[in-house]
Amino acid sequence: MSVIGNILWIIFGGWCTALLWLLGGVLACISIVGLPWGRACFVMAGFAFMPFGYESISREVLYGKGDIGTGAPGMLGNALWFVFAGLWIALGHVAAAAALALTIIGLPFAWQHIKLAELALFPIGKTVVPCEVAAEARRRRAAEELERRTGA
């Protein structure tokens, strides 16, 4: 199902969304200061090109350890991103989702725009993986948390 969804997504405009994210990444990377946001834009471009069967997850949850993007510098970068770009881009994805949700056939595509909007708000420190990998990482993290709390 995800292959068919991704093919239809690309045919009906997903390539345009991905291209815009690539352009944003290139523009962000022009200055050295924008490199963290450029990397996040490139992750978003890949996700925007093929969103069916994939989801975003914190790298800390996925790998079991933090890094610069999941720590305080990442939080600062996400705060700046949210104010200057994230909120506005997310609103664009939500508007596209609302338009697509007007028809039953557009509902799966609307859901993909909602996933893109969620990641567009705070993209630094996140990565995109297959849904099964994200579910397993969350399960593993929950098991570790349960073990830590119960002392077992």
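This is a predicted model: local features need pLDDT of at least 70, side-chain atom pairs count only at pLDDT 80 or more; totals for chains, interfaces and linings use all residues.
Local features require a pLDDT of at least 70 and side-chain atom pairs count only at pLDDT 80 or more, whereas totals for chains, interfaces and linings use all residues. Residues are numbered from 1 along each chain as its sequence is written, and side-chain values use heavy atoms, with hydrogens and water left out.

Of the 152 residues of the chain, 36% are classed as buried, where buried denotes under 20% relative accessible area, exposed over 50%, and partly exposed the range in between (1.4 Å probe, protein chains only). The mean positions of the 11 positive and 9 negative charges lie 3 Å apart. In this count Lys and Arg are positive and Asp and Glu negative, while His and the chain ends are not counted; each charge is placed at NZ of Lys, CZ of Arg, CG of Asp or CD of Glu.

Six helices and two strands make up the secondary structure of the chain, these being DSSP runs numbered from the N terminus (helices: H or I, at least four residues; strands: E, at least two). Their order along the sequence is α-α-β-α-α-α-β-α. The radius of gyration of the chain is 16 Å, close to the 15 Å given by the globule rule for 152 residues, so the chain is as compact as a globular protein of that length. This radius is taken over C-alpha atoms, and the rule is 2.2 Å times the number of residues to the power 0.38. Along the principal axes, the C-alpha atoms fill a box of roughly 50 × 40 × 20 Å. Among contacts (heavy atoms within 4.5 Å) between residues at least 6 apart in sequence, 72% join residues at least 24 apart.

Strand β2 (residues 126-130) contains Thr127, which is buried at a relative accessible area of 15%. With neighbours within four places in sequence left aside, Thr127 contacts Val43, Glu55, Ser56, Ile57, Arg59 and Leu62. Gly125 is located in the loop between α5 (107-121) and β2 and is likewise buried, its relative accessible area being 5%. The C-alpha atoms of Gly125 and Arg59 are 5.9 Å apart, although 66 residues separate the two in sequence. Under the same exclusion of neighbours within four places, the contacts of Gly125 are Ile57, Ser58, Arg59, Gly69 and Thr70.

Helix α4 (residues 72-100) includes Ala96, which is partly exposed at 26% relative accessibility.

The disulfide count is zero, a disulfide being defined as a pair of cysteine sulfur atoms within 2.5 Å. The cysteine sulfur closest to that of Cys29 belongs to Cys41 and lies 7.9 Å away, which is too far for a bond. Cys29 is partly exposed at 25% relative accessibility, whereas Cys41 is buried, with a relative accessible area of 4%.
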